[in-house]
Each structure stands twice: as structure tokens, then as C-alpha cells.
Amino acid sequence: MTDVLPRPFAVDHPDVLQLDVAALDARPGAVLLARSPFYPGGGGQLPDRGTIAWNGFVRDVVGFEPTADGLWHLIGDDAIPDGTIELHVDPAFRQRMCEQHTVAHLVNSAVYTLFDGALLTGVRMTDSDEFSVDFDLPKVAPEQPRAVEDAVNAAIADDRPVRAFDMPYDDAQATAGLFRAKSVAPPRQADGLIRIVDIDGLDRQACGGTHLVSTVQARRVRVLKVDNKGRQNRRFRIGLGSD
Ligand SMILES: [Zn+2]
């Protein structure tokens, strides 16, 4: 499969959490929708949770299959959804993902600055107040986790707007610092563009997920621990709202 998948609707419309959409196609346990407020996952961000409803039936959405035509929504049994499908994204879970994702950018920015361009190697978001971000780093001195924590909390307090725009993929590749992930580089879109997420005056990088509108919407963070995960890999465990 070399098809370039369309950008999820949720990426450009993160404020839309409910939508009624006609089913495009269906099979036992799944329905295909051309448009959906659900973020199907990717780039370290977990797939949204929520429900779909039709003709009086309600089911939890348990997974997604992105295709060029739309997004298959998987439910946990063999029901065949049809007609108008009512979609409800779980707002608390989405908020958690937006907060962790935005804070991941801030941690990435702090590490990139404090460790001379160290690249991200992975993000593990969770349904809790702790998540982790991995970097290609051979060594972290004892005082450095605190420096990262202070930089992130300063950025949160600064109330910096978070915005997104598109630019040509090749231009982005030619611009130093826009691709920060060693393993999870965002894809080139069908239109030849790539989405850039900008945290005002602080950070700019290619990214496809959902974020807070401003850094001040995030709770304060603590760097709980830095684990050795291989000779060149350090895992920063981040706690949210812990003081
Ligand atoms: Zn992002």
C-alpha cells in the first residue's frame, strides 16, 4: 500500500467532538465514514475514545482503520451500523491527549535546546497523569532533569498560543529543526504539504496531532525520573498537575 492517507478531520477541527454523518459503507462490527471527529491515533498520540449511535443502538468505538476513502470505526460486536451515525468523542480523554501532546512539544523543545539538538525517539501517552518521552541521548547529568522541568513550566506559565499551518514538505525538510523525531517523522500529504505546529516564540516542528490552544491550559509538570533505555536512549517520565 503506497496510498497517501488523507489527514484526519480531527487534526483541523479539534473543537468538533460530535457529528452526525451518513454511513458510506458497513460490515459486521465496522462502519466507514467520510468525515469523523475521532482522531485515529498516530505520532505517539493515542486513538480517541467515544461512542457511535444509530437507530437507537449505541456502541463504544474500539479501533480505527484509516483508508483513502475515509475512516473505518470498529465496534466490539457484529452489529452492522447503518443510516445516520451519531459520533461522540470522549471529551476528557481528548483533553488529556491534547495536554500530553502539547507538553511533549515543550519537553522536546527544552531537551533540544539544553542538549544541543537531541532528537525525539518516541512518545508514550497514557490515560493517566503520567506519560513519557524518549530522546536520543547518551548522558543526562544530575541537575539536567530539573532544568528541563523548569523550562517546561516557564513555557506553560508564559501562555504561548499554539497554532498550525501547512508548508511544502520539501521546504520543511530543508529547514533545520522542523523534523525533531528520529523514528516517527510525519508523512508527506497527498497535496505535497506537511503540517507544522508552532508554539509562539518558542518551538516549531512538523506534527499531525491535536494540541491545546495555548500552553497555559496545561497543568504544571514534574520530571519524575529519567530512565536508561539503551546506551543512546533516555526516557523522561513526566508527571502532570503534581504540584
Ligand atoms: Zn504535536
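Predicted model: local features only at pLDDT ≥ 70, side-chain atom pairs only at ≥ 80, totals over all residues.
Residues are numbered from 1 along each chain as its sequence is written, and side-chain values use heavy atoms, with hydrogens and water left out. Local features need pLDDT of at least 70 and side-chain atom pairs count only at pLDDT 80 or more, while totals for chains, interfaces and linings use all residues.

**Exercise 1. The zinc ion**

Find which atoms coordinate the zinc ion, and work out what arrangement they make.

Step 1: Look for donors, meaning N, O and S atoms within 2.8 Å of the metal (3.2 Å for Na, K and Ca); water is not among the atoms, so sites may look incomplete.

Step 2: Helices (H or I, at least four residues) and strands (E, at least two) are DSSP runs, numbered from the N terminus.

Step 3: Check the angles. Four donors count as tetrahedral if all angles lie between 85 and 135 degrees. Here the 4 donor atoms subtend angles of 95 to 121°, so the arrangement is tetrahedral.

Step 4: Check the accessibility. Buried means under 20% relative accessible area, exposed over 50%, and partly exposed in between (1.4 Å probe, protein chains only). Histidine 101 counts as buried because its relative accessibility is 3%, and cysteine 207 is buried at 10%.

**Exercise 2. Glutamine 45**

Describe where glutamine 45 lies and which residues it touches.

Step 1: Locate glutamine 45 in the loop between strand 3 (30–33) and strand 4 (50–54). With 3% relative accessibility, this residue is buried.

Step 2: List its contacts (heavy atoms within 4.5 Å). Leaving aside residues up to four places away in sequence, glutamine 45 touches Tyr39, Met97, His101, Met125, Gly209 and Thr210.

Step 3: Look for polar contacts, which are pairs of N or O atoms within 3.5 Å; within protein, one must be able to donate a hydrogen and the other to accept it, and residues adjacent in sequence count only if both atoms are side-chain atoms. The side chain of glutamine 45 makes one with the side chain of histidine 101 (2.8 Å) and one with the side chain of threonine 210 (2.8 Å).

**Exercise 3. Strand 4 and its partners**

Name the strands that pair with strand 4.

Step 1: Recall that two strands pair if DSSP finds at least two bridges between them. Strand 4 runs antiparallel to strand 7 (residues 84–89), with 4 bridges; there, threonine 51 has histidine 88 as its bridge partner.

Step 2: Turn to strand 5 (residues 57–66), which also pairs with strand 4 in the antiparallel sense over 4 bridges. Tryptophan 54 stands opposite phenylalanine 57 in strand 5.

Step 3: Ask how enclosed strand 4 is. Because 4 of its 5 residues are buried, strand 4 is largely enclosed by the rest of the structure.

**Exercise 4. Positive phi**

Find where asparagine 55 and aspartate 159 lie, and give the phi of each.

Step 1: Most residues other than glycine have a negative phi.

Step 2: Asparagine 55 sits in the loop between strand 4 and strand 5, has phi near 45° and is exposed at 61% relative accessibility.

Step 3: Aspartate 159 is in the loop between helix 3 (144–157) and strand 10 (162–168). Its phi is near 55°, and aspartate 159 is partly exposed, with a relative accessible area of 41%.

Terms used: Tetrahedral: all angles 85-135°; square planar, octahedral: opposite > 155°, others 65-115°.
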